[in-house]
There are 2 protein chains.
Amino acid sequence: MTYLSKLVCVFSIFLVGNWAMGAGGKVSQKISDQNVVMAVHAGLGIEKSEMTPAIEKQFREDIEKALQAGYAVYAKKGGSLDMVEAAVKVMEDAPEFNAGKGAVFTHDGRNELDASIMSGKDLSAGAVAEVTTIKNPIALARLVMEKSPHVLLVGSGAEQFGSEVGVEIVDPSYFRTEQRYKEWQQMLKEEEKAKTGPRKSSLPPYHTWGTVGAVALDTSGDLAAGTSTGGMTNKRYGRVGDSPIIGAGTYAENGVAAISCTGHGEFFIRYAVAHDIISLMKYKGLSVQKAADEVLLGKLKKVGGEGGAIALDSHGRVAMPYNSEAMTRGYITKDGKTHIFLYEK
Amino acid sequence: MTYLSKLVCVFSIFLVGNWAMGAGGKVSQKISDQNVVMAVHAGLGIEKSEMTPAIEKQFREDIEKALQAGYAVYAKKGGSLDMVEAAVKVMEDAPEFNAGKGAVFTHDGRNELDASIMSGKDLSAGAVAEVTTIKNPIALARLVMEKSPHVLLVGSGAEQFGSEVGVEIVDPSYFRTEQRYKEWQQMLKEEEKAKTGPRKSSLPPYHTWGTVGAVALDTSGDLAAGTSTGGMTNKRYGRVGDSPIIGAGTYAENGVAAISCTGHGEFFIRYAVAHDIISLMKYKGLSVQKAADEVLLGKLKKVGGEGGAIALDSHGRVAMPYNSEAMTRGYITKDGKTHIFLYEK
């Protein structure tokens with residue numbers, strides 16, 4: 001072997017190695033990851049010790065259904081916004097997840113819902129916060145984007161807008177599930193025991209970071225992202241997390257990536273997580289995996305900001321890092337194959 | 001002259017030229033700009049054709065007072081958060097500006113206030129939206145940051161938190177000024193004439209983009225930013241703009257910059273303006289002037305996103321670009337000298 005051919009050989013190994021390892025240098029990155037058309041998440045899940053085969057089966061079925069709902073739109077050459085809305089609606093309707101039906105309870109015993117959606121094509125966006133009567137908050141976020149000159153509508157004003165534009169309205173009791181009610185009651189008890197005052201600069205003794213979200217890339221190359229949540233169990237004082245905040249919980253920009261986050265919302269707002277991943281890709285040239293890892297496994301982990309993100313770039317490469325025990329998530333490739341994960345890193 | 005000495009000479013001229021032109025390449029950038037300890041803005045002001053000497057005098061006096069309030073804190077080696085809060089309070093109390101007293105009216109005839117504050121030291125942040133009884137929303141945003149585990153509190157929940165932590169509460173009528181009331185009445189009439197329906201995907205026929213904000217750099221090198229607003233005249237449906245959104249209207253990060261924005265909030269949310277300026281500096285190595293110009297005079301101007309920003313970097317360099325007719329703004333240097341601008345670019 002000549003020196004030159006050795007060099008070519010080493011270089012080829014380097015190239016192939018990089019490709020097989022994926023853009024983020026992770027061995028788990030598979031070839032199929034390059035053809036992803038949609039990814040979804042349903043929050044940080046539940047601790048492995050509390051997981052049962054029945055719950056796990058249900059989670060996997062819900063994620064499969066969400067991915068298939070988005071893929072059905074994709075297969076008909078539908079737009080990425082429609083893909084995101086379809087997938088998020090499935091997860092909002094699933095009582096297992098903390099969004100739409102099955103949302104957690106506030107300190108006052110209400111289910112308050114937040115959601116946002118963004119189009120990578122023109123950076124248009126819509127979001128709602130603290131709605132209590134909108135069956136699918138993601139649908140209202142979409143209507144805010146398309147039928148109003150605004151981005152973020154809050155509370156009863158958002159609901160008034162919703163009723164004017166004909167979104168599906170339900171009685172607040174629709175969102176109630178016994179599981180969430182029990183969790184809230186348990187938390188109230190623990191709070192009473194711990195005498196955790198509202199002014200204390202720390203989090204309640206128990207919390208759930210469930211949130212659902214989807215990112216999609218359609219056949220036209222348009223990216224979109226959406227996120228929906230019931231927020232934090234026992235939340236007070238009109239607390240709003242990162243899910244309805246464009247730049248924090250959701251961002252999409254054609255040619256770069258679409259991002260949806262889940263986790264301890266205050267950290268995601270302060271670190272402008274979704275926009276930071278986008279910026280690291282745009283301005284520093286990082287791959288979607290490296291950018292998402294740097295924010296989730298680097299910056300946030302360092303300060304104790306628990307959470308994860310799904311990020312899909314304009315080439316169909318997906319990254320789904322999280323710094324907690326689990327994240328319920330999955331993706332679907334061009335050929336319609338789904339890949340679903342709960343605890344696997 | 002030898003070839004080498006000629007080269008050194010040309011290079012020296014290049015260096016000095018760059019220095020005199022400031023980081024952003026603007027001739028208006030003066031040497032004193034390198035020693036700025038605080039900058040403030042009071043929104044996009046009013047059209048030159050409507051300006052009177054009396055209003056201009058009042059605007060200049062208010063800005064001077066705000067800068068001096070922040071400087072008094074600086075001179076005693078106080079922190080940048082205290083500087084920002086002191087300056088913003090002065091502008092909230094000034095009935096001329098659309099924040100605190102003098103806020104614009106919503107469609108329902110209310111004065112709804114939003115504010116946010118952020119510390120560059122640890123990226124802690126606090127924000128409130130849609131409060132109607134808090135005399136100084138910036139003070140409540142600060143309390144959310146320091147006395148709660150949350151970042152963003154909305155509506156009556158935020159007010160309840162405020163009363164528990166002892167913030168100054170006023171009757172909603174405190175915020176009313178005749179000038180703003182007249183503007184609102186005028187707008188209602190114009191809207192009736194134009195039959196602009198609420199569902200139309202465009203803005204109301206008349207709007208004001210007044211907002212106040214401050215950015216500061218203290219003697220310890222800590223940056224902070226804060227923004228406060230009454231929002232958009234005749235706003236409906238619980239619309240929230242960029243001022244209480246960390247990453248959109250406000251951002252601060254030590255070693256980089258502190259940013260406060262004013263303008264058409266929806267664009268500032270969609271473009272994550274404050275965080276984008278920070279990202280261009282951090283990841284692309286742009287100067288504060290170039291980064292702020294790229295976002296305000298480049299991206300936003302291109303899509304018709306009217307507005308401006310004040311940005312102060314960790315070396316005391318300030319940039320205050322805006323793409324509208326005017327922006328009421330000023331800065332103060334280490335030696336206590338103030339520089340106030342209304343229409344001058």
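## Interface between the two chains

In this predicted model, the contact between the chains draws on 49 residues of chain B and 49 residues of chain A. Together the two chains bury about 4,100 Å², and 58% of that area lies on carbon and sulfur atoms. On the side of chain B, the residues B:Y237, B:R270 and B:Y283 supply 20% of the area buried against chain A, which is more than any other three residues provide.

As for polar interactions, the rule finds 22 residue pairs in polar contact across the interface, with both residues of each pair at pLDDT 80 or more. By contrast, zero salt bridges are found between chain B and chain A, although the side of chain B that touches chain A includes 15 charged residues, alongside 24 nonpolar and 10 polar ones.

## Elements on the side of chain B

The elements of chain B that give two or more residues to the side touching chain A comprise the strands β3 (125-131), β4 (152-154) and β7 (239-240), together with the helices α4 (137-147), α5 (155-164), α7 (265-270) and α8 (273-284). Of these, α8(B) gives the most, contributing seven residues to the side of chain B that touches chain A.

## Strand pairing across and within chains

The chains are also joined through strand pairing, in that strand β4 of chain A (residues 152-154) and β7(B) pair in the antiparallel sense over two bridges. Within this pairing, A:L153 has B:R239 of β7(B) as its bridge partner.

An open sheet of nine strands likewise takes in both chains, running in the order β7(A)-β4(B)-β3(B)-β2(B)-β6(B)-β5(B)-β1(B)-β12(B)-β13(B), with mixed pairing. Its edges are formed by β7 (239-240) of chain A and by β13 (338-341) of chain B, each of which pairs on one side only. Inside the sheet, β1 of chain B (residues 36-41) and β12 of chain B (residues 329-333) run antiparallel and are joined by five bridges; here B:A39 stands opposite B:Y331 of β12(B).

## Organisation of chain A

Chain A contains nine helices and 13 strands, and of its 345 residues 61% are buried. When contacts in chain A between residues at least 6 apart in sequence are considered, 68% of them join residues at least 24 apart.

Methods. Residues numbered from 1 in each chain as written. Chains lettered and ligands numbered in written order. Predicted model: local features only at pLDDT ≥ 70, side-chain atom pairs only at ≥ 80, totals over all residues. Heavy atoms only, no water. Contact = heavy atoms within 4.5 Å. Buried area = accessible area lost by both parts, 1.4 Å probe. Salt bridge = Lys/Arg side-chain N within 4 Å of Asp/Glu carboxyl O. Polar contact = N/O pair within 3.5 Å; in protein donor to acceptor, adjacent residues only side chain to side chain. Helix = DSSP H or I, 4+ residues; strand = E, 2+ residues; numbered from the N terminus. Nonpolar A, V, L, I, M, F, W, Y, C, P; charged D, E, K, R; others polar. Pairing = 2+ DSSP bridges. Buried < 20%, exposed > 50% of the residue type's maximum accessible area, 1.4 Å probe, protein only.
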